[in-house]
Amino acid sequence: MKRVSVDIGGTFTDCFVAWDNQYVEGKALTTHHNLALGFNEALSDACNQLQVETSTLLSGVDSVRYATTLGTNALIERKGPRIGMLVTSGFKSTIPLSRARGYGEGLPESEQMDIPNATRPQPIVPIPMIREVRERVDYLGSVFWQLDEDDVRLRIRELVDAGAEALVVMFTNSVVNNAHELRVREIFLEEYPGHLLGSIPMLLSHQVAGRKGEYARGMSTIIDAFLHQTMYHGLGTLELNLRAQGYDKPMLVSHNSGGMAQLNSTDALQTVHSGPVSGVAASEHLAAATELGNVVATDMGGTSFDIGIVDQGGVKHYDFNPVIDRWLVSIPMVHLVTLGAGGGSIARYDRLFGSLEIGPQSAGSDPGPACYDRGGLKPTVTDADLVLGYLDPKNYANGRIGLNPKRAKQAIEEQLCDDLDLDVAATARLIKRNVDTSMANGIATELRTRGYEPKDFTILAYGGNGPLHACGIANALGVSRILAPPYSSTFSACGAGNVNQMHIHEMSTWTVLFNPALKAFFSDYDGFNRNVEELERRGREDLLRQGMAPEQVKYRLELDMRYGNQRVQTAVITELSRLKSQKDVLTLMEQFHKSYGARFGEGSQSPEAGVRINTVRVCSYVEQPKMTFAKLKLSGKTRPPPAPQSTRDCHFVGHDQPLATLIYGEDALAEGTQIDGPAIVTARATTYLVEPGWTYHAAAQGGVWFIKK
Amino acid sequence: MHDKISAEEQALLDKFLADNQLFLGPDPEIMRNHATTPRSKAEDEILKKGLDPHQVHRVRGLINAALSEAFTMVNQMGAAPGAKWGDLVTGIYTAQGDLTMIAPHGIIAFAACCFYPIRFIIKNWVNDPTVGVKDGDGFIHNDARYGGIHNTDQSMMMPLYYKGELVCWLSSTIHEGENGACEPGGMPAAAESKYDEGIKMSPFKVVENFQLKRDLVTFLQNSVRDPGLQLEDMKVKLHAVMRLRERIIAILDQFGRDALMGTLRVHLEDTEAEMRRRIREMPDGTTRVLQFMDSTLRENALQKISLAITVKDDRLIMDFRGTAPQFLNRSVNTNIASFKASLCTGLLQNIWPDLPHTMAVMSPIEIITDRNSIVDAEGEMPQSMSLMPLFKGCVVWTIPMNKLNYSVPHRYSAVIASQYDQAATFIYGGLTQHGDVTGNFCADINGNGQGARSHADGEHSVSPVFGFMCDSGEHEINEEDTPIIRLGAQRLAKDRIGWGKYRAGMGYEQVATARGSGMWGFMTGCEGSKFPSAQGLFGGYSCPSYQLMKIKGINIFEELKKNPKVVEVFDIVELMNKRPIPGGKYSSHDMGMTFELCNEGEIYMICQGSGGGYGDVLERDPALVMKDLAEDLMSHENARDIYKVVYDEKTLVVDEEATKKLRDDYRKERIRRGKPFDQFCTEWVTPEPPAHIPYFGSWDNPREIYATTMGQRVKMSADQLQGAFMLNPKDLRIMQLESEVERLQVELGAHRNAER
């Protein structure tokens with residue numbers, strides 16, 4: 001297989017190339033003014049390792065796939081068009097009011113609690129750019145207020161005159177009857193035909209999100225419209241760049257649903273967070289290929305710690321209303337939780353409890369930790385790691401950043417030691433322990449609210465700081481197996497190379513499987529099946545448009561079910577693609593019963609209150625050939641450690657005195673190498689910290705196991 | 001007669017009384033004590049041995065994670081709207097029942113009330129051979145007289161035994177809504193006695209061996225309108241508490257009993273010490289504030305809440321004496337325990353939000369009230385609409401504490417005016433479009449307009465006075481469950497705002513009707529229709545008053561079908577001023593409406609309110625005025641009249657020079673109008689409240705309390721407050737109409753006589 005996959009992040013552009021049996025990684029700084037430049041440099045880096053010309057490589061690969069944070073950055077920088085919005089009469093303040101909790105979405109808990117300082121984010125659509133239109137549909141889709149077409153024409157004109165560069169339509173209950181939204185577009189095109197100069201796009205909410213919830217769907221549509229041009233130009237430039245270099249196939253874009261598609265079948269919103277989600281996709285593939293069982297994927301970088309869950313049984317965890325930047329949206333996104341804990345997280349003394357708190361404030365990369373010597377004065381996790389002896393000041397981030405140990409020590413000493421009445425080393429140990437514990441608590445909460453136990457999981461640790469803190473996190477969590485995966489520094493790019501072409505379509509529905517008041521069971525099989533067929537049709541069309549053969553298309557039916565009037569959003573994946581009998585209805589309820597019980601506790605189910613399907617979701621996909629990972633399972637064959645490069649006195653949690661710690665180089669990555677902790681392996685891309693009580697096992701392809709003794 | 005009793009005799013008498021109690025009602029010894037209990041022997045031993053603060057930090061982190069997990073479970077599984085939109089909590093208590101920690105996103109007041117019933121259980125059931133407390137037991141409770149905000153909230157409380165020893169208590173609470181009261185939805189404004197309030201659960205055992213007792217569940221289901229909801233959420237709370245128990249046991253296994261019990265205790269003590277530090281940072285002295293509630297939800301009644309805050313060293317005294325007396329037959333009373341929980345909420349929401357959410361923050365605070373006042377009502381009083389004084393309790397100390405805190409070296413949060421403090425939402429009940437009986441309230445309660453800050457305008461309707469990150473919901477989802485149709489869904493209420501140098505955040509209009517139900521009705525439990533609810537700060541305006549409006553006698557669905565252009569927009573002001581729907585009976589009322597039926601297509605309209613403004617309106621940056629105009633948040637009339645800005649209405653370009661002159665002139669005008677304080681008092685102050693105002697509370701002398709009872713004004717001693725008995729408004733109306741008929745009959749007779 002020959003394939004290029006790319007993850008364009010905020011700082012680095014990572015490139016992962018599969019060239020027959022050779023897998024190589026390329027890295028370059030992201031060039032925000034023209035993403036193609038950074039991509040070309042990262043690709044050159046990879047080509048140099050393969051000793052292949054770029055044009056040869058690009059003309060020889062089956063695909064080039066992108067995961068990108070371009071959308072996230074554009075959102076943060078507010079780079080996008082002036083948007084006008086049409087809403088149902090009576091709903092003009094829905095977006096500005098953001099469900100009353102919009103002030104705190106995407107913020108750390110401490111800021112959410114600080115109500116007197118509450119501040120909503122700068123709106124993407126300012127209030128004067130929202131217009132109401134007379135129309136209304138009820139929850140079942142019946143129209144009780146006909147669309148006033150004169151009103152539509154007037155409001156569109158007002159918005160265009162006010163400088164709208166894109167229009168969004170969000171009509172209440174349009175997901176169960178889209179006629180009014182569609183008619184608005186017809187009117188819009190009558191008034192402003194697309195062939196005219198200055199024509200502007202119009203996005204309809206029911207086409208962006210299929211679920212009920214007018215605020216979240218409205219925000220989804222707004223963000224989609226806002227990012228559309230930026231993404232189109234950014235990704236379009238990349239595609240032109242590829243063509244200029246000999247690539248003649250469609251470029252593929254990773255989606256935050258865990259799938260991918262061609263540019264012509266991608267909404268801008270689907271690309272947001274696609275980088276981290278690709279990391280989870282890579283984890284899923286790795287887990288399946290190497291029979292890891294349940295995996296918790298953790299990505300610890302400079303400012304944040306991402307957690308994703310991979311269930312060996314195939315249960316998919318989505319966020320149906322994820323927060324993007326500061327807004328709640330409606331999109332099925334692979335579940336990913338971000339904690340504010342990274343190398344840059346600031347440590348501070350908490351006078352109230354006489355203890356040490358870490359984060360959520362971060363020194364980021366500018367000025368960065370005190371040891372970066374760029375003006376940062378506050379002690380951070382990276383400063384503690386340096387003081388504890390884990391980091392090589394001259395070889396950090398592959399030598400890109402020089403570290404100043406004096407600054408780290410000074411920051412900890414001056415700002416923490418007196419208050420804590422501890423020496424520098426003990427304080428640094430406390431920082432390490434607290435940040436590891438905090439991340440462990442975050443993982444535990446994530447897993448347990450979904451009915452899992454951490455001890456049944458393997459931690460997959462990637463990202464710049466992942467292998468450095470993995471043993472500490474595992475200790476706090478009670479996990480005894482960690483895998484730092486192969487290609488961990490470009491793991492998301494690697495993941496983008498292994499996803500299927502996939503589209504998810506959803507439909508809000510009022511499907512009562514069991515009505516306790518009437519003691520009635522669902523029997524409108526045709527109605528249900530028609531909905532499923534419609535969603536399959538939409539997915540199929542998406543895939544056929546991209547040149548897929550109809551017989552390649554597969555479908556996965558997922559149902560969001562609940563008891564009575566609950567809010568629970570448990571997706572039940574069912575093998576039943578159609579309902580044909582009461583037995584099928586009972587089977588669905590039984591499946592829900594089991595998954596609910598596993599999550600919330602046996603006996604917590606309430607079928608007697610009624611059972612309902614709220615959302616029908618169909619994932620349509622075409623399986624793609626996968627890059628293969630070598631078997632990463634621990635084998636009995638071991639090889640002794642290579643000669644250490646040096647010995648350092650390192651401090652470890654649970655040890656009052658420093659321990660003489662052997663430091664190894666890149667050669668410790670040779671498959672089969674086994675090293676007992678304490679030890680440190682400093683490789684090109686990352687630092688592996690083997691804490692006392694743990695053993696390091698190098699696996700194939702540069703993967704590393706940590707096993708607790 | 002023998003009036004001397006020996007100690008031995010007294011002990012025997014006491015034993016007799018203890019052994020022969022008629023009724024274990026709310027226990028004043030428990031209910032009047034909000035302070036944390038002294039260390040138990042076990043806790044004292046643990047703390048004397050010494051605890052590593054860093055281990056405490058780890059244990060605290062694990063407890064937090066466990067509470068958060070249980071909270072998420074309830075939020076996900078809960079069937080009540082309150083659970084879905086954030087009105088819930090999970091909590092952990094010491095073995096003596098002191099609230100130590102709650103889930104990060106929980107409603108503090110729920111848990112801050114739960115320690116009272118837990119103390120009741122400890123005192124009464126532990127050693128009672130007919131009840132007892134053992135591992136696997138769970139207790140339910142909803143009656144606020146035993147602790148709680150109001151009887152819509154149901155709690156599940158569970159003791160946690162470790163190696164045979166009771167080490168802590170766990171709880172989960174949801175605002176369930178429906179409770180079988182005389183009006184659906186659980187908050188009956190029409191309740192005239194506590195026996196109209198629906199089911200009143202004193203704390204009792206409903207779970208044994210970790211299983212719900214079906215006989216008791218059936219009894220509870222039989223007592224409410226929504227038996228499905230009752231069962232579902234009892235399961236939810238039980239399983240959430242059981243999950244929490246599992247996690248706490250894991251902590252005990254890992255760190256040991258001393259670490260857990262020690263952490264719980266030291267968390268309380270550290271928090272109390274921090275509170276005392278902060279009180280000490282403030283200047284010594286007294287500040288005062290007056291607030292008024294203007295309705296009993298049945299009739300207009302101006303009820304005073306009087307507060308003087310005194311700081312002396314590390315003591316803070318809140319003196320509520322002079323406050324209105326309780327009502328014998330109105331539901332707007334609260335007991336003192338609930339009121340303290342609302343004060344606790346106010347402190348943690350708008351004053352020092354960075355403090356740990358535990359009742360220990362209230363320990364250093366002394367609270368003085370008049371017994372039998374509206375904030376310290378006696379147990380027999382109805383209190384199903386206690387939200388009225390309780391929401392006041394959440395904001396009452398915002399203004400005085402901001403004054404005390406203004407100049408302290410370190411501010412722990414922003415200086416802010418009062419948030420709007422009314423439960424401005426529709427409460428509903430009836431048959432849903434699916435044929436289910438239901439009663440509850442809408443999530444619109446969760447969006448109160450914020451007070452303006454010293455550095456910025458207030459935010460439009462944000463999380464309400466009783467919790468952070470609460471959610472005002474999605475109407476598309478709500479419309480699936482109930483026949484309520486929103487014609488106007490949370491539209492910002494133009495011009496109805498607290499003005500100031502920085503203006504408050506706005507409330508929103510709610511325009512609702514019903515469709516597809518055989519029987520449906522609404523009620524509203526809200527004050528502030530006569531007297532503004534939210535006070536401004538340092539010269540900022542209060543919010544305006546807000547009314548309930550109705551358009552009855554129509555079916556809007558038929559009207560829209562006949563003529564889609566019949567309504568321009570469902571905007572309250574437009575509808576009421578232009579009255580576009582033919583045949584409609586338009587009316588305006590105060591926002592206290594007892595349950596009434598809504599025929600299909602009739603329209604009910606209410607408004608969430610604004611907070612108070614900050615600073616002098618003449619100091620408002622004209623650019624901010626123009627922004628508000630551009631956003632259609634205010635009218636040109638108000639821009640000119642209140643802010644005194646000169647500008648072009650079409651372009652919104654400000655004439656800076658003319659504005660400065662206008663403002664300077666107006667300042668001079670103010671000076672001309674001004675009077676020396678003594679002169680003002682002489683002209684303004686009256687010896688008694690005006691006779692035409694139904695006034696409740698002290699006037700000049702805080703020891704004399706005015707009230708109107710049985711239609712007559714009375715004056716009472718604050719030490720011997722009697723409740724006010726209100727006449728039935730319907731009786732009054734009948735009397736009024738009868739007198740009118742009598743007068744007309746006399747006139748008719750005279751007319752006929754004249755004709756003859």
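## Exercises on chain B and its partner

**Exercise 1.** What share of contacts in chain B between residues at least 6 apart in sequence join residues at least 24 apart?

*Solution.* In this predicted model, the share is 74%. Next, look at burial: 57% of the 756 residues of chain B count as buried.

**Exercise 2.** Work out why the radius of gyration of chain B agrees with that of a compact globule.

*Solution.* Start from the chain length: for 756 residues, a compact globule would have a radius of gyration near 27 Å. Chain B has 28 Å, so the two agree. To picture the extent, note that the C-alpha trace spans about 85 × 70 × 65 Å along its principal axes.

**Exercise 3.** Which helix of chain A gives the largest share of the side that touches chain B?

*Solution.* First, count the partners: 69 residues of chain A contact 76 residues of chain B. Helix 13 of chain A then stands out, with the largest share at eight residues. By type, the chain A side holds 27 nonpolar, 27 polar and 15 charged residues.

**Exercise 4.** Describe how helix 13 of chain A packs against helix 4 of chain B.

*Solution.* Take the axes to begin with: they come within 9 Å and cross at roughly 15°. Angles under 35 degrees count as roughly parallel, so these two helices are roughly parallel. The crossing is right-handed. Now go to the residues: A:Leu430 and A:Arg448 are among those of helix 13 of chain A that meet helix 4 of chain B, whose residues there include B:His54 and B:Glu69.

Terms used:
Residues are numbered from 1 along each chain as its sequence is written. Chains are lettered from A and ligands numbered from 1 in the order in which they are written. This is a predicted model: local features need pLDDT of at least 70, side-chain atom pairs count only at pLDDT 80 or more; totals for chains, interfaces and linings use all residues. The radius of gyration is taken over C-alpha atoms; the globule rule is 2.2 Å times the number of residues to the power 0.38. A residue is buried if 20 or more other C-beta atoms lie within 10 Å of its own, exposed if 12 or fewer, and partly exposed in between; C-beta atoms are placed from the backbone. Two residues are in contact if their C-beta atoms, placed from the backbone, lie within 7 Å. Helices (H or I, at least four residues) and strands (E, at least two) are DSSP runs, numbered from the N terminus. Ala, Val, Leu, Ile, Met, Phe, Trp, Tyr, Cys and Pro count as nonpolar, Asp, Glu, Lys and Arg as charged, and the others, Gly among them, as polar. Axes are lines fitted to C-alpha atoms, for helices over the stretch in contact, and angles run from 0 to 180 degrees between N-to-C directions. Angles under 35 degrees count as roughly parallel, over 145 as roughly antiparallel, 65 to 115 as roughly perpendicular and the rest as oblique. A crossing is left-handed if the near helix is turned anticlockwise from the far one by less than a right angle, and right-handed if clockwise.
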